[in-house]
Amino acid sequence: MQDRLLTTIATYRNQVDYLEIRLQQSESTAITYRGSQLDAVNRNFSLAGGIRACHRGGWSFVTFNGWDELNNRIEEAISQAHLVGEETTQLATSEAIQDWVKVELKRDPRGVSLSEKRQLIENYNQLLLDFDPRIQTTAVSYSDQFGITYFVNSLGSCIIQERLDVNGRFGAIARGNGGIIRQGFESVASRCDYNVLVGIEDRVQSAAARAIRQLEAQPVKGGQYTVVLDPYLAGVFIHEAFGHLSEADFVYENPRMQELLQLGKLMGIEQLTVVDDATIPDLPGSIRYDDEGVPAQRKYLIKNGILTQRLHNLETAGKMQETPTGNARALSATYPPIVRMTNTAIEAGDRTFEEMISDIEEGVYAVRMLGGQTNGEMFTFAAAEGYMIRNGKIAEPVSDVTLSGNVFQTLKDIEAIGNDLLYTNGGCGKGGQMPLPVSVGGPHVRMKNVVVGGR
């Protein structure tokens, strides 16, 4: 297969400034329960690809579904690039790479029968439904996908990458007195082993436990508080509120962000270090090469409180005269790669959780995330759970905890960083490509002067 792709790209490579072909073959399974009902069972096999061409700064992207279409589609992509190109192509230099990246499998889900997968998920779904009479319904799903992506470009790269994703998602919805509705979620993922989903009854039931606990909570009184984020919410905060601002396509197109995000700028206390690391084994955002064939890297977005790097594809690195970072990612071969995060986290500090809350007279402990939105440098997040901190201790549960503010001020308001870094799997959306596998990470993080909204 790669020989045919190499022969094809050699035929057309001199007709544009840059040309690439990605071809992906994959097989996947998905099982979904909603409440007590089996909602869907899907098995899918696909072979599809995408072609990108760039000429005089103009890009085109064309998809294809079989070998018979390949030459016609390449000619179409080249024609479109010539049509829109009116400037100068500016791409950072990238070495030509030849490699085959294989998955080191443990238990391969392709060797597990569909009936066994269904029974496993059905049992977990029933555990949630039986957890408490106040659990009204559930949303439980299983998915696995094994794919091989073939990548060739006009720079001389030929990279074959295998990838396995196994995911279980478990949601419970509880109803309390007065029609109050609360939700709890848990997810489990692996890049190499079906057995990550076997024997996790306690983790599954924790989704229902979170929903039930919040039924007893009273709305938090709105105001400014010292807030401690749990590792999950700290990771989501740094991904959503800061990570997207670090994606260079956003910075390049936004003069205000270029001013606010000048490299070398002080962003927070010396203990604050933020990384985007695609090299950590077995995390959803980990890759060996990005979708432009650039090697994966560990990037320090903030190091010791100083803004150090941003995330690039070949074009943004070329236009901004910086180094490619291996952050060109696509949801599949039928989408064009754009600048995306991988595994983004606040690095661990040196404080224990007990030390972080010991001198807080009245504050809020915010746990996990229910939802949220960002608008440039402004953010609002709703915590899935909340607890008051009183006289250095965790006190009563509170609900309707929303956190809002300006990300740059909030980073400066970080007072302490915990020693308990934890990564959580997730899915990221951007440019109509969702959910792209990523991880978010962090330890407990303490912030002052956070605006907390209640009911």
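**Strands, helices and cores of a predicted model**

Strand 22 is mostly covered, with 7 of its 10 residues buried, where buried means under 20% relative accessible area, exposed over 50% and partly exposed in between, for a 1.4 Å probe and protein chains only. Residues are numbered from 1 along each chain as its sequence is written, and side-chain values use heavy atoms, with hydrogens and water left out.

On one flank, strand 22 (residues 433-442) pairs in the parallel sense with strand 15 (residues 343-346) over 3 bridges; here asparagine 343 stands opposite serine 439, and alanine 345 stands opposite glycine 441. With strand 21, by contrast, strand 22 pairs in the antiparallel sense over 8 bridges, and the bridge partner of leucine 422 in strand 22 is glycine 442. Strand 21 and strand 22 form a hairpin with 2 residues between them, and in its turn glycine 431 has a positive phi of about 60 degrees.

Contact here means heavy atoms within 4.5 Å, and the axes are lines fitted to C-alpha atoms, for helices over the stretch in contact, with angles running from 0 to 180 degrees between N-to-C directions.

Strand 6 (residues 158-175), which contains alanine 172, is likewise mostly covered, 15 of its 18 residues being buried. Its pairing with strand 5 (residues 135-153) is antiparallel over 17 bridges, and glutamate 162 in strand 6 is the bridge partner of isoleucine 148. In the hairpin of these strands, which has 4 residues between them, glycine 156 takes a positive phi near 105 degrees. Strand 6 also pairs in the antiparallel sense with strand 7 (residues 181-190), over 10 bridges, and arginine 175 stands opposite isoleucine 181 in strand 7. The hairpin of strand 6 and strand 7 has 5 residues between the strands, and glycine 178 in the turn has a positive phi of about 75 degrees. Strand 4 (residues 98-101) runs parallel to strand 6 and is joined to strand 6 by 4 bridges, with valine 101 opposite glutamine 161.

Alanine 172 counts as buried because its relative accessibility is 0%, and, leaving aside neighbours within four places in sequence, alanine 172 is in contact with Leu128, Ile135, Thr137, Arg182, Gln183, Gly184, Ala207, Ala208 and Ala211. Asparagine 167, also in strand 6, has a relative accessible area of 13% and is therefore buried; on the same exclusion of neighbours within four places, its contacts are Ser141, Tyr142, Ser143, Val188, Ala189, Leu197 and Asn425.

Leu128 leads on to the largest nonpolar core, of 48 residues, in which Leu19, Ile21, Ile51, Ile74, Leu128 and Phe170 touch the most other members. Such a core is a set of buried Ala, Val, Leu, Ile, Met, Phe, Trp, Tyr and Cys residues joined through side-chain atoms within 4.5 Å. Apart from it lies another core, of 45 residues, among them Ala234, Phe237, Met341 and Ala383.

Finally, the axes of helix 1 (residues 2-12) and helix 2 (residues 70-84) come within 11 Å and cross at roughly 35 degrees. Leu5, Thr8 and Tyr12 in helix 1 meet Leu70, Asn71, Ile74, Glu75 and Ile78 in helix 2.

Definitions and conventions. This is a predicted model: local features need pLDDT of at least 70, side-chain atom pairs count only at pLDDT 80 or more; totals for chains, interfaces and linings use all residues. Two strands pair if DSSP finds at least two bridges between them.
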